[in-house]
Amino acid sequence: MAAAATMAAAARELVLRAGASDMEEEEGPLGSGPGLQEPLQLGELDITSDEFILDEVDVHIQANLEDELVKEALKTGVDLRHYSKQVELELQQIEQKSIRDYIQESENIASLHNQITACDAVLERMEQMLGAFQSDLSSISSEIRTLQEQSGAMNIRLRNRQAVRGKLGELVDGLVVPSALVTAILEAPVTEPRFLEQLQELDAKAAAVREQEARGTAACADVRGVLDRLRVKAVTKIREFILQKIYSFRKPMTNYQIPQTALLKYRFFYQFLLGNERATAKEIRDEYVETLSKIYLSYYRSYLGRLLKVQYEEVAEKDDLMGVEDTAKKDIQELRNLHPSLRSRNTIFTLGARGSVISPTELEAPILVPHTAQRGEQRYPYEALFRSQHYALLDNSCREYLFICEFFAVSGPAAHDLFHAVMGRTLTMTLKHLESYLADCYDAIAVFLCIHIVLRFRNIAAKRDVPALDRYWEQVLALLWPRFELILEMNVQSVRSTDPQRLGGLDTRPHYITRRYAEFSSALVSINQTIPNERTMQLLGQLQVEVENFVLRVAAEFSSRKEQLVFLINNYDMMLGVLMERAADDSKEVESFQQLLNARTQEFIEELLSPPFGGLMAFVKEAEALIERGQAERLRGEEARVTQLIRGFGSSWKTSVESLSQDVMRSFTNFRNGTSIIQGALTQLIQLYHRFHRVLSQPQLRALPARAELINIHHLMVELKKHKPNF
């Protein structure tokens, strides 16, 4: 740093000296010459003046020393005065060259000056023209604004005139009565399309006149008289036409649905009366209600009477209960067999084909025609008659409700009231008839099927959007449910009060009371599965408990336990088989009887094996108990007993198995059940003999000589398979 500072000071001194000497040389020969210019005034750049500040020079020198060229010159030892003269000479050469270039381009520069002057003149003229255009546009803009204001005012006047014209046109059109309207109302029949069209026009004009009169329009007085006379004429013709259609309902053997359909085409007639002549509209509605009410009442009263004539002559009576002895009506049955026209008998506890009445295809099948059934000597259960009657009622009620809503233009509570005014007497008569029939009805299956028919018809009515029958369905169910529960409770009570000793001779086959229960319970369970009801399941549960108790009471009448078990197994198997045909496999009834059957079957197998193999069973149980308690040494004293068991089994097992199989097949009515019991007994026998082998393998009995007489377990299995019955 010190060396650099020293070099900088030396360089500054050299520059000052060189500048001073140069100035002296320039001023010497040139400064005194004649005609030369005065010395150049450099002002602040004149470093020779007294005002030159050496500090600023130091700053500039320091800055120049940082320049790369200066650094390079200092390093190479260049003489700064010569270097300065060389730079000045180069600048002068460049300046001379630049002056020569300007002199060569002087003509172009003069030409450019002339062109710029010409452009200035052109631009000045354009400025004048644009100024003129601006003044013209200002005047045009004011004219456009004036035209816009005039156009807006004209549009407002036009709209006002059009609005006035429209209002006046509507008023005139609404008040003027054209000749076509007068001609159609006075001369055209009401069934012609042009009468309906002109009637709608008349209705619109009458409404328009009433509206204008309310506003105080004086012109209405000119057409009021004409419109009133036309209205009276139209009301008269419409009244005669509709009443004629209503009176046509009263003709015998008339299908009233045809004139109803015809009236729907002219439903505007009633709307016209309702808006212009309410008294006549009320007269027509009252006449329709009175006529249709009588027609429906007469039709259904007659239809119900004829339906009952094709009902089964043999129906359930008060004594036809589940626990009643099956020998009380032999004389009555013999009398009934004298009637050859009765082709089938309505069973009381069996569903059979009766359940098809609630199937989708049968539920909405055509109604029964009584006189056709009578000619064909056909008879039907009550639920079939109930379905036919209520399907006719449902179909006609839905059609009537929709007709009332559409023709009389009513809805909601008003539609309900008008519907019940038409159908109320018929519905009341039907309820009384049902109540009368149920008072002497003891057919629980028929009543339960009727309940499910009503539930399905109620859903159909809801899908058809006809709520008018909702109250009627509730009333019908209010009659059916208590009767069904009463009949079911009567059957429960009859089973509860049945005394087995009064039933006469007993055998081990399924009892007719349990068969009745199985058929009856499976019927109700299969019906109830479609639309489950908890109250029904509770009543069936009570009935099941009583039947199980009854079976146990009857079984107790047998002297031997084996007969008791055979009776129980036969009855449980029969009830389970019947239930599984109709009820679901996971139903409570099926599970309950399956458990009872399994328990009694296992007990019977032990009872069956006990006589021929009781000694072997007892020894195996005792020996296994001793081994489990660690007292196997006590088996040494049983060698004689074991020897006797081995030889006894080997000599008699084939005969015992054959006798066992025959006994089982004689005892059970269901061969499949008997086969299952035999298989279970043989399996248990093999297991018993296998356990006997394991006991004899104990150290205490392993040296027993009689062990050589044991039958090989696989040989025993092969031999026992020969006794397996095949069905």
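I took contact to mean heavy atoms within 4.5 Å, and I took helices as DSSP runs of H or I with at least four residues, numbered from the N terminus. The model is predicted, so I noted that local features need pLDDT of at least 70, that side-chain atom pairs count only at pLDDT 80 or more, and that totals for chains, interfaces and linings use all residues. Residues are numbered from 1 along each chain as its sequence is written, and side-chain values use heavy atoms, with hydrogens and water left out.

Entry one, α24 and α25. I looked up which residues meet, and found Leu682, Leu685, Ile686, Tyr689 and His690 of α24 against Ile713, Leu716, Met717 and Leu720 of α25. By class this contact has 8 nonpolar residues, 1 polar and no charged ones, where Ala, Val, Leu, Ile, Met, Phe, Trp, Tyr, Cys and Pro count as nonpolar, Asp, Glu, Lys and Arg as charged, and the others, Gly among them, as polar. Helix α24 covers residues 671–696 and α25 residues 713–721, and they pack at about 165 degrees with axes 11 Å apart; axes are lines fitted to C-alpha atoms over the stretch in contact, and angles run from 0 to 180 degrees between N-to-C directions. The two helices are therefore roughly antiparallel, the word for angles over 145 degrees, while angles under 35 count as roughly parallel.

At 1.5 Å a residue its 26 residues should span 38 Å, and the end C-alpha atoms are 37 Å apart, which agrees; the expected span is 1.5 Å times one less than the number of residues. At the start of α24, a side-chain oxygen of Asn670 comes to within 3.1 Å of the backbone nitrogen of Arg672.

Helix α20 (residues 534–555) and α22 (residues 588–629) pack at about 20 degrees with axes 12 Å apart, which makes them roughly parallel. Here Met537, Leu540, Gln544 and Glu548 of α20 meet Glu589, Ser592, Phe593 and Leu596 of α22, and I noted 4 nonpolar, 2 polar and 2 charged residues in this contact.

Conventions:
Parallel < 35°, antiparallel > 145°, perpendicular 65-115°, else oblique. Polar contact = N/O pair within 3.5 Å; in protein donor to acceptor, adjacent residues only side chain to side chain.
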